[in-house]
Amino acid sequence: MARAAARPRVSSRLRTTKSNKPKSGKPKSDKPKSGKPKSGKPTKPSGTTGRRPLPFLLRLPAMLCAFAVMVAFAVVLARLTLQPSPASEALTHTNMRPGRSLRAYLDQPALRDAVKQIGGNLLLGVPFGILVPVLAPRARGILRVLLLTAFVMLLVEFAQGALVTGRAFDIDDVILNTTGALVGYLLLGRRISRAVHS
């Protein structure tokens, strides 16, 4: 009778020792888990960017200065493109074929005239690439700057051909102006825009 009573005690001890063992068979470590990722690189908190925008008191003068420069540039552009030229009325022709006027510029005997025509049209587009991203933060980006410049220059060329004596529509001028805007954006416009509106 004593032996029979001792058996359930032994079995209860075995049950308790079995329940204390982990199921996986591996002992659990008491070391706290570190917050570092497996790759070893620290992670940045979400929602943060590398640069902060300028305070409003510094951003406002920058935008006002860009606006003043844009107005001055618009006046110069109007004088250069919308001023009548009756003496050249017989020499101007509407050009709807890209590259036609460029070939005519390059075929001129004097290299100075070709540089003046091509370089002047390129320079007219550079301020757009610099000032538009500063004045209009939503217009940042190469594609938006190019589309906006091409749209404005198309309006100018249409006005030249329809309203101004001695002027004609030239698609090559629009291409050169847009290329100048691209150059201005890549050189300065992108950096200034990020510094002001990042």
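## Around Met96

Setting aside residues up to four places away in sequence, Met96 touches Phe169 and Ile171; contact here means heavy atoms within 4.5 Å. This is a predicted model, in which local features need pLDDT of at least 70, side-chain atom pairs count only at pLDDT 80 or more, and totals for chains, interfaces and linings use all residues. Residues are numbered from 1 along each chain as its sequence is written, and side-chain values use heavy atoms, with hydrogens and water left out.

Met96 sits in the loop between helix 2 (56–81) and helix 3 (100–106). Its C-alpha atom is separated by 5.6 Å from that of Ile171, 75 residues apart along the chain. Met96 is exposed, with a relative accessible area of 57%. For these labels, buried means under 20% relative accessible area, exposed over 50%, and partly exposed in between (1.4 Å probe, protein chains only).

## The overall fold

The protein has six helices and zero strands. Both kinds of element are DSSP runs numbered from the N terminus: helices are H or I with at least four residues, strands are E with at least two. Of its 198 residues, 26% count as buried. Among contacts between residues at least 6 apart in sequence, 78% join residues at least 24 apart.

Glu157 has its place in helix 5. It is buried yet has no salt bridge, and the nearest side chain of opposite charge, Arg167, is 8.1 Å away. A salt bridge would need a side-chain nitrogen of Lys or Arg within 4 Å of a carboxyl oxygen of Asp or Glu. Lys and Arg count as positive and Asp and Glu as negative, while His and the chain ends are not counted.

Val183, Leu187, Leu188 and Ile192 form a nonpolar surface patch with about 330 Å² of accessible area together. Areas come from the Shrake-Rupley method with a 1.4 Å probe, and for residues only the protein chains shown count as cover. Patch residues have over 30% relative accessible area and no salt bridge; like charges are joined within 9 Å, and nonpolar side chains (Val, Leu, Ile, Met, Phe, Trp, Tyr) within 5 Å. Leu187 is in helix 6 (residues 171–197) and counts as exposed at 54% relative accessibility.

Arg140, Arg190, Arg191 and Arg194 gather in a patch of positive charge on the surface, with the place of an Arg charge taken as CZ. Arg140 is found in the loop between helix 4 (111–135) and helix 5 (142–163).
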